[in-house]
Amino acid sequence: MLESFLLLIFSLIGIIAIILVIPFLRRNLVSNFILKIFRKILPQISQTEREALDAGTVWWEGELFSGRPDWHKLLAYPKPTLSPEEKAFLDGPVEQLCAMLDEWHITHDCYDLPPHVWQFIKDNGFFGLIIPKKYGGYGFSALAHSEVVMKIGSRSNTAAVTVMVPNSLGPAELLMNYGTEEQKNYYLPRLAKGLEVPCFALTGPEAGSDAGSIPDLGIVCRGEHNGQQDVLGMRVTWEKRYITLGPVATILGLAFRLRDPNKLLGDQEDLGITLALIPTQTPGVNIGRRHFPLNGAFQNGPNSGKDVFVPMEWVIGGHEGVGNGWRMLMNCLAAGRSISLPATSTGAAKLAARTGGAYGRVRVQFKTPIGFFEGVEEVLARIAGNTYMMDAARVMTAGAVDLGEKPSVISAIVKYHLTERSRQAINDAMDIHGGKGICMGPSNYLARTYQQLPVGITVEGANILTRNMIIFGQGAIRGHPYVLQEINAANDPDKKHASVAFDQALMGHIGFSLRNILRSFFFGLGSKYIKGVPEGVLNDTADYYRQLTRFSAAFALVTDIAMLKLGGALKRKERISARLGDILSMLYLCSATLKRFEDEGRPVADLPLLHWSIQDACYRIQQTFDELLKNFPGSWLMHWVMRILVFPLGMRFAPPSDALSHTVARLILEPGEVRDRLTAGMYVPTADKEPLAHLEQALECAVACDAIEIKLRNAIKTGQLASSKDRKITEALERGIINQEEAALLEKMKVLRRRVIMVDDFPPDFGKVTGTTS
């Protein structure tokens, strides 16, 4: 009986093995059956969604989805660097521009950049950073573009937005990638020289985050243009808003749906989203009034048009560009979103780090610099750690673009997380500054940045949408090694080809999942099981590579379970998708941070910043996994199995310790190489009229006075000196406790400290005479 049973078991195993090993049998008995089920649960993908999925390239996020990222590959990517020409531009025209800017004057008095600043920007080619040299631009790298925007952004949000828009998603980039030679030769030199001011109109009242539902419509027809009759073109009607540079633009990039009811272009009636360049002086174009986004003075406003005749030659790419507008936008956005907003966000964080640390050292309460209080130390450490990681992600992502990548998923990661961390950093800096931060005026170097931060949160994909729907929703399909292959096979009308392709992807996917089950469990038992740490890295950082590999394996495993369990419903489970996106994002930010440390030559003095930022991120990953597992739909048995696979020994990560936070905070509480590296690339004025220069002087003086003030405190304790503030320095000098030079330094510190902590005040009728607001 037993022998018969064993024979039966072995026979079944043999049959299953034969079926799985022989592709023909496997496809017909297993894969095709699963393919039918897969087609039923696969959500419908619209044309715009398909083009968004196809946009851009897969880069390091693909390694993070693999469950075992190749860290040698990451560190082998070349360190992003600036050319001598790019450095000269930053040290020359960018430095000069920053010196010309007064954000209070711009936002409170002018409500615009002053005319001489506008002219300087145009004359010095700030609109042509990305335009190739053969068209009169600079042809700068993505890194240089990022550095320029970051530096200006640390000084003036108005100027940064004005410069970044023509160099981001807009006419120049679209023309460079898709324009006809005639369009390039005419417009790119004019854009580079500032003879044209561009804007791009995508967002409308009914199509904000859901830009694919553009209601603006063009109808193919024949009409009159420049005195010529029977010109092939289209009548376009649109209404747009929130268009940056719109009120001053001379050339309008426009996105609209195009229909051809009379079949003048072919057999198809609905031609899809199309892009055109329209001079704003064209009859029928209505450039509306200005918006006023959070007291921001950058030019922004609505525009519209009704039955405006647009000749076919104005379509970007000409006839071949008709209907390809969404693909153009998605591909350009993949690169453009990687640069501008991460750059301005990092500039704001560096401003918070440099000023928050300096003010924390200069401002004294209870006879102690406020930065020495543990509560403020906690905030300073968060500012510094976030800034270190943000800058790492900014540089690595710009470097990817310079390598030829169009990182659509990564661009969403850095857009969301760097704008959010920037908001946290500025909020923290405002808390440290207290009343100094909330009183508006020429000496407030934080308030306008604080005011206008939500602008970056809402544009180029609102952050809630980006986190909940884009990062993982797009990343799971693009970054996963097999899902896109399976989807393409399921949508393949050739049944024979679909069967073969799906079978190959399915078998690969099954093996991938089984490997990640083992990796996640065994890696969770201890880092000694994890291989692949790059040779030569410091012992201080080696375990981070192991732990990130472990989290990558767990992420890949949970991703597969989520897609298998929820199928098409995962698209609607936004909180599940958001948490998975958060884990992917933290893995990317940690990767960038480790690469930064290696690229910069492993400066030991920066290790506290590295430790704080990685430990904080790993703790966040752990907590996000915990939230995900607690809220994952399914039975208690599934929850228990998933938790065992992800946390076989429990949740062992802790946030950065108080001791580490203390060390990190001290790094930005005094001048030094670490502080300078952390805030490198921001604008630090030196003119005596500048509030930021006063703060820097006060910081240096405060540190120089440390030893002298210790003498005074000891003298007071021993009774040699009275504690009277007014006479303390004079009495100390008279009694020989300090010398003349030390007394002069203390007097200087009194003047500088008062200058720094004082805030602006205005007459009682402030705002009533001019009718302005703050």
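User: What makes the pairing of the side chains of D216 and K240 a polar contact?

Analyst: In this predicted model, the side chains of D216 and K240 are joined at 2.7 Å. A polar contact requires N or O atoms within 3.5 Å, so the value of 2.7 Å qualifies. The side chain of D216 also reaches the backbone nitrogen of E239, at 2.9 Å.

User: Why is D216 called buried?

Analyst: The relative accessible area of D216 is 6%. Buried means under 20%, so D216 is called buried. D216 is placed in the loop between β1 (198-201) and β2 (217-225). Leaving aside residues up to four places away in sequence, D216 touches several others, among them T237, W238, A255, F256 and R257.

User: How do you know that the protein chain is as compact as a globular protein of that length?

Analyst: The protein chain has 31 helices and nine strands. Its radius of gyration is 30 Å, close to the 28 Å that the globule rule gives for 774 residues, and therefore the chain is as compact as a globular protein of that length. Buried residues account for 56% of the 774 residues. Of the contacts between residues at least 6 apart in sequence, 77% join residues at least 24 apart.

User: What makes the nonpolar surface patch that includes W640?

Analyst: The patch is made by W636, L637, W640 and V641, and it covers about 490 Å². Residues of a patch have over 30% relative accessible area, so W640, as a member, passes that cut-off. W640 lies in helix α25, which spans residues 636-646.

How values were computed:
Residues numbered from 1 in each chain as written. Predicted model: local features only at pLDDT ≥ 70, side-chain atom pairs only at ≥ 80, totals over all residues. Heavy atoms only, no water. Patch = residues over 30% accessible without salt bridge, like charges linked within 9 Å, V, L, I, M, F, W, Y side chains within 5 Å. Areas by Shrake-Rupley, 256 points an atom, 1.4 Å probe, with all protein chains shown as cover. Salt bridge = Lys/Arg side-chain N within 4 Å of Asp/Glu carboxyl O. Helix = DSSP H or I, 4+ residues; strand = E, 2+ residues; numbered from the N terminus. Rg over C-alpha atoms; globule rule 2.2 N^0.38 Å. Buried < 20%, exposed > 50% of the residue type's maximum accessible area, 1.4 Å probe, protein only. Contact = heavy atoms within 4.5 Å. Polar contact = N/O pair within 3.5 Å; in protein donor to acceptor, adjacent residues only side chain to side chain.
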